[in-house]
Number of protein chains: 4
Amino acid sequence: MASTLIDSAIFQGIFSSDEMRQVWSDENRTQKYLDIEAALARVQGRLGLIPQEAADEIASHCRVEQIDMALLRRQTERIGYPVLGVVSQLGALCRDRLGEYCHWGATTQDITDTATVLQIREGLALVEADLAAISAALARHAKAHRDTPMIGRSNLQQAVPVTFGYKMAGLLSAIERHRQRLAQLKARVLVAEFAGAAGTLASLQTGAMATQAGLCAELDLAQPLIAWHTLRDNIAEVGTFLGLVGGTLGKLSMDVKLMMQTEVGEVYEPYAHGRGSSSTMPQKRNPISSCYIHAAVSVVRQHAAALMDAMIADHERSTGPWEIEWIVLPEAFCLMAGALKQSRFVLEGLEVDAQAMRRNIELTQGLVMSEAVMMGLGPHLGREAAHDLVYDLCREAVSTQRPLLDLLAAHPEISRHLDRPALARLLDPANYLGQSGVMVDRVLASLG
Amino acid sequence: MASTLIDSAIFQGIFSSDEMRQVWSDENRTQKYLDIEAALARVQGRLGLIPQEAADEIASHCRVEQIDMALLRRQTERIGYPVLGVVSQLGALCRDRLGEYCHWGATTQDITDTATVLQIREGLALVEADLAAISAALARHAKAHRDTPMIGRSNLQQAVPVTFGYKMAGLLSAIERHRQRLAQLKARVLVAEFAGAAGTLASLQTGAMATQAGLCAELDLAQPLIAWHTLRDNIAEVGTFLGLVGGTLGKLSMDVKLMMQTEVGEVYEPYAHGRGSSSTMPQKRNPISSCYIHAAVSVVRQHAAALMDAMIADHERSTGPWEIEWIVLPEAFCLMAGALKQSRFVLEGLEVDAQAMRRNIELTQGLVMSEAVMMGLGPHLGREAAHDLVYDLCREAVSTQRPLLDLLAAHPEISRHLDRPALARLLDPANYLGQSGVMVDRVLASLG
Amino acid sequence: MASTLIDSAIFQGIFSSDEMRQVWSDENRTQKYLDIEAALARVQGRLGLIPQEAADEIASHCRVEQIDMALLRRQTERIGYPVLGVVSQLGALCRDRLGEYCHWGATTQDITDTATVLQIREGLALVEADLAAISAALARHAKAHRDTPMIGRSNLQQAVPVTFGYKMAGLLSAIERHRQRLAQLKARVLVAEFAGAAGTLASLQTGAMATQAGLCAELDLAQPLIAWHTLRDNIAEVGTFLGLVGGTLGKLSMDVKLMMQTEVGEVYEPYAHGRGSSSTMPQKRNPISSCYIHAAVSVVRQHAAALMDAMIADHERSTGPWEIEWIVLPEAFCLMAGALKQSRFVLEGLEVDAQAMRRNIELTQGLVMSEAVMMGLGPHLGREAAHDLVYDLCREAVSTQRPLLDLLAAHPEISRHLDRPALARLLDPANYLGQSGVMVDRVLASLG
Amino acid sequence: MASTLIDSAIFQGIFSSDEMRQVWSDENRTQKYLDIEAALARVQGRLGLIPQEAADEIASHCRVEQIDMALLRRQTERIGYPVLGVVSQLGALCRDRLGEYCHWGATTQDITDTATVLQIREGLALVEADLAAISAALARHAKAHRDTPMIGRSNLQQAVPVTFGYKMAGLLSAIERHRQRLAQLKARVLVAEFAGAAGTLASLQTGAMATQAGLCAELDLAQPLIAWHTLRDNIAEVGTFLGLVGGTLGKLSMDVKLMMQTEVGEVYEPYAHGRGSSSTMPQKRNPISSCYIHAAVSVVRQHAAALMDAMIADHERSTGPWEIEWIVLPEAFCLMAGALKQSRFVLEGLEVDAQAMRRNIELTQGLVMSEAVMMGLGPHLGREAAHDLVYDLCREAVSTQRPLLDLLAAHPEISRHLDRPALARLLDPANYLGQSGVMVDRVLASLG
């Protein structure tokens, strides 16, 4: 019986992904504890800090299947943290009291934080794969529609033409920056924690730093300069990274929603039988995935703020702030996995209606080309005179509902310089796409 | 396999409660859908809008045990919402195609919103019960310690004495305001939704308002003046209410944490064997529950912000904002249930060390009584002269580490007016508690 | 030289209002301190706690013009709070050292909090007036357009018809709930603070509660049951109230933005020469006010979260949380004043294009009336058969781009029962408005 | 008359800094517009796109002193944005209508965004300088107190000893990561915007990309791959960076507040006469700066969430989200400037009481050394036996209030192996500092 949407038997496939939910599952978290305890035992056995026999025995039991989860729940409720429960069960599994050498010199938070980092590594790998797929889909659309005209909109008003490829390339440029951010933060985040009760490793009278170095090597994590039990900028940075990625996906979903409006109809989320449709309103084509994305990223940006709150950690081991991370990190990752999945789905199957795009450009009967006409007439009439004349004709076109071309062609001052076909060329959006294609090319060229 | 802490097999009892998780479970949500469909059928049967036979048949199948949850997941992933899946399964359970009369005139959001309101009602009842218990515990402490002196602290500096009962009564006054808020918002929130595709109930050509009124009566909910599909102030208000309650619990947990410091030691969370203690550091007594409370309410206040974001709903049925509520409401309620449970636990078993409180007052050897001494000497020396003299002696006491009483008694100008016993009385915190007791009484008297 | 938009010489009129900025100005805050000191002196003079002569002298100098603001800044930077600086300047203004009786028994936070409450009272009065004006404008539109059909939209898809009055009445219902919330919270919020260093009023050996009661009466504020120096639910509630109002204004602005789209064009923000237009794109009509509203309320909902954070106040006088309120409260009020002003401007001058609304309904050539047709044919063909037949014809209409009426009229099974005029009536949105008018009437009837 | 604390005549020096307020002032913003217009004119003159004479004339008037700010306010309120007002005034200042060539091919958002980037560059330079100063102060303390023992605290309980240098080095490691983040994000953020109405630069029929490249070079900003009018991850990243820095400063302020408690008294904010003290409570030493820091960073993390909300930008130029940045960016920078200033003040003048630190370690009469004793006895008694024996003696020490050393020395099993001096050495915190010094050295060695 799940209470959250993320774990809901009904909704889990919508708001998260199986892979990401697995990363943050009880099983995986507990297995990570065991992986770390095993690695620690191996290192300390090798260093001669604990008997090799103990190291071998401990490592042989570090499988989550051997842990009694119901017992672990009771232990956790009593102690407040699950690590000691796991250590106690692990110790009991070992023969000849060799389990006493388990968790040697470690503190609860060492294991918990390092496990979290290992989960973050897995979670970021999933995010990275989705970003790569989204990037590829965007690049494909950018290339395919490099020169497909559509209206550019400013303040939700039709402004001047762009291309659909240009729109996709803009998003692509943002996704690429996120991939760069991810690469940079990994160096800060993928760092182990092994420092003892107050971070000084006093619990190991000999071999302290060697154990730390060895453990980090075993786990393929960087070694910290100093304990980070209450220095949580790295964890919070992961949250802000997810929030920033969410912002870009939110922009994508906003544009898709707006383009799918009945009155616009330029792109559609992939069709699947019954998906996002209504039993009584066949004209509807709901942007279902975009709704999910919008919702998830709205929540995740608040999670980012909560993770910054968690940075206000007191002294050497914090009293409450740490637990904020426990709650928020799994949810932020799981919801982002859902948003990324839905974004991939949208982009990989996006239906683009180039004809509708063209039709919408023509909706104003030429008005959106006024800037182009002003610039085309400038050399003949003078810039300002051209501006004023075209502006007046546009207002006439609006009030009389007549095509701008007709008014332009009928105006003696204009027809003196340009005939109707020349004016029609000025009014052709394909001739006023500016650097759309160049910018698409620049973004595509920047890909690795 | 759960991924969130709320649903975690290990942590669910810590960060939430079984009762609250049940309220927001897949089973209860789905049962609520069925309850509403049954009520709708009953009302429409009674009104003659659908055959009585259909009403009876439909109602007879409205049990969640009859729903195939795996199928429902697939239906939900295809359609985007679970309601139609439930309706379709319910229809199929009915004999003789009587299921066609199910969901008559309703839209998905009608059922979803009304189910949410029913869940909110159950959730608020649990909150209300916890608030009552917390109020009772606070009142008990306020009464018992009405006159137990402890130092009042300002800016984390010892200031002047208060009583522990006064501290408890302050919290009690806030809890009572929350109970008042809860009573007031219920009238706005416990309102059904039944309005059809765009809220106009055009889907029912006859009996529309009668059906709406009847359904509300069946469910014991208020009838809306108008559809609220995209007017979500009420839902957001529930979130802000939970956030406000969280703020008060956070203040409680902050004070408990500070009073449990090794250097302070005035109160303790209830002791349970092994709870919050360390295997190697027997001097530790960790404020475990306070940690959990701190973390939960930090997250819930961000949830409140997300629910306000969800108010930015477009047109007649929103495109994404609604789903924010789906994610956030269950979590906010579940986390608050955990915070309330932990707060009850802390307050109902709180250990109060009145001796330590007295000892801490005396830590500064009288300095915290300087205001009292200034006021006591004022009538003899003049207010300002008394202030300056005492202030100087206090600084001397600090620099020489001598008790203030010694310095006061040794000063000729002072000893001329007051002898050592009289000065000792001025320095007795029990004589400088001001209106602590009166304020406690005022708060207690305000209870119903 | 201002750095914030609220105080900007350029933007202040856009993002706030002069009246609200005045409420939170240095001058008004400082005058409030003085008003309280004057009231305190008057009460204590009356009670004989200080000489009447002192009370009169103090009160006679409580005018902000007499305060040296540059000096006050220096005092504030030294002490950390402005109140003692004001008291010190006030004392110096008094003849014969009568100023010594100023601030008798009060603590800095007493004056600061009570001043804040007085500012909140003024701020809420401005909010209340704007809500009343918005309510009146919405009621006017709801009445005028009770029966003006427009398309209802769900998931940004055209769904079924509603009326514009119905849309306005929905917003009106939310505004009315906000007015109710405001009335209810005033009783909790408009409460004075007068409690001394740790809240016990030990600073007044006689007449403590009488002074408190008298001060509250002087200021027309309620008397607290107990000090609320670190119980900040009331202040946070003001923040959440503003956030909730912001949510509704955000919904209004979202709908206006969407309806002003070039492709939709159903309503317009009031026109003013040059307002929201482009020098080169005459077709543009930017929803400028809606942009401002959107931005302001996005920030204010985060302010609400910050105010809930400020509730985590330690002990008897908090160490940092209090100052969160100092920063956030003025901004939340000022930004909301801007959002309310812009909302009034939009609503009081809103241009409604009923013809465009009708045109948009017809955009799909009848498809949005499919539900109506299904229901109209139900009695003749059976509900399910009617549904399936109409659904198929709708899909044919989409694929062939033909009007639904033509297809319906051409279908033998249908034309057998209903002729073309009867079918046209079914397709007339004015005949499928459901309870739009009834709901409008219900909301209007609920107004006081 | 200012309404915000940032611009308050009383508080501006507390919650912000003059330098940062100057960066975000009306004057500087407007001057940046003019700088960009001048640079644009110069580039376009050089490229022959506009007459050199016009370029010279325009550039000669690009001084904010020539702008009529009152007029600009009126223009801004009419148009909705200030840029066109500035352009119009600038044009009017130019002789012979040469001003017509001003703003050639640019759109309002090009100028606004680029100005914002220039302000961000100035703002980040101030942040960078403060981070460097904070880093230096922390390094100084870390070095000076590399071996100064103090108690490490976990869950606000005394745990095991650390050194004060270790505590400082931990903070230092976080500050260094922030400096790394800042260096990395500059490459993404310090990018100009110049793209025309919908980002395609169609407004320049020739020389579009050359103008863009030239303008970027003039302003020493990077050239964008594509317009970023509605791709705001970079702006939001600046906000999250400030929020992350705030988290670390919040942790610093939390620790200082806790260490300044009357009952702890280990460090003090710098003393200045009257600063943070009470007129009647001479024992108080308020952590004033820490309060300000706490409050500022609480607000800034909410600003970060608002900036992520601003990423949900529609189409080519957004309708409201952009204005969120206008409000939030200046405030986030100004508040952080205040928090950084206060943090520098605290750290550069921090008073460290090493004796008090030692005294606090001894508060529990040896209990905090229990882990050390267990480990010291392990080789003699066996690890587990040592643990159990010491644990029992610790409990006895607590219940009998006797020093642990006495109990250890009196125990026959223990005294057999270790005499009192040897036991005293085990109980000496200076002998149980673990890798504190090594970690300090590692952090210091990592500095450039």
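The following legends describe close-up views of a predicted model.

Local features are reported only at pLDDT of at least 70 and side-chain atom pairs only at pLDDT 80 or more, whereas totals for chains, interfaces and linings use all residues. Residues are numbered from 1 along each chain as its sequence is written, chains are lettered from A and ligands numbered from 1 in the order in which they are written, and side-chain values use heavy atoms, without hydrogens and water.

**View 1. Overall form of chain A.** Chain A contains 19 helices and four strands (DSSP runs numbered from the N terminus; helices are H or I of at least four residues, strands E of at least two). Its radius of gyration, taken over C-alpha atoms, is 30 Å, well over the 22 Å that the globule rule (2.2 Å times the number of residues to the power 0.38) gives for 448 residues, so chain A is more spread out than a compact globule. The C-alpha trace spans about 105 × 50 × 35 Å along its principal axes. Of the 448 residues, 70% are buried (under 20% relative accessible area, with a 1.4 Å probe and protein chains only).

**View 2. Domains of chain A.** An automatic or database domain assignment divides chain A into domain 1 (15-106 + 203-224), domain 2 (108-191 + 228-361 + 435-448) and domain 3 (367-426). The centres of domain 2 and domain 3 of chain A, taken over C-alpha atoms, are separated by 42 Å.

**View 3. Helix α9 of chain A.** Helix α9(A) comprises twelve residues, 208-219, and reaches 17 Å from its first C-alpha to its last, close to the 16 Å expected at 1.5 Å a residue (1.5 Å times one less than the number of residues). Its buried residues include M209(A), Q212(A), L215(A) and C216(A). Their cover includes α3 (26-46) and α7 (108-144) of chain A, together with α19 (436-446) of chain D. Just after α9(A), D220(A) adopts a positive phi of about 55 degrees.

**View 4. Chains D and A.** Of the contact residues of chain D (contact: heavy atoms within 4.5 Å), 100% recur in chain A.

**View 5. Chains D and B.** Chain D also superposes on chain B, with an RMSD of 0.0 Å, through a rotation of 180 degrees and 0.0 Å of shift along its axis. Within chain D, the C-alpha of E263(D) is the nearest to this axis, at 3.0 Å.

Terms used: Buried means under 20% relative accessible area, exposed over 50%, partly exposed in between (1.4 Å probe, protein chains only). Copies are superposed by least squares on the C-alpha atoms of residues with pLDDT of at least 70 in both.
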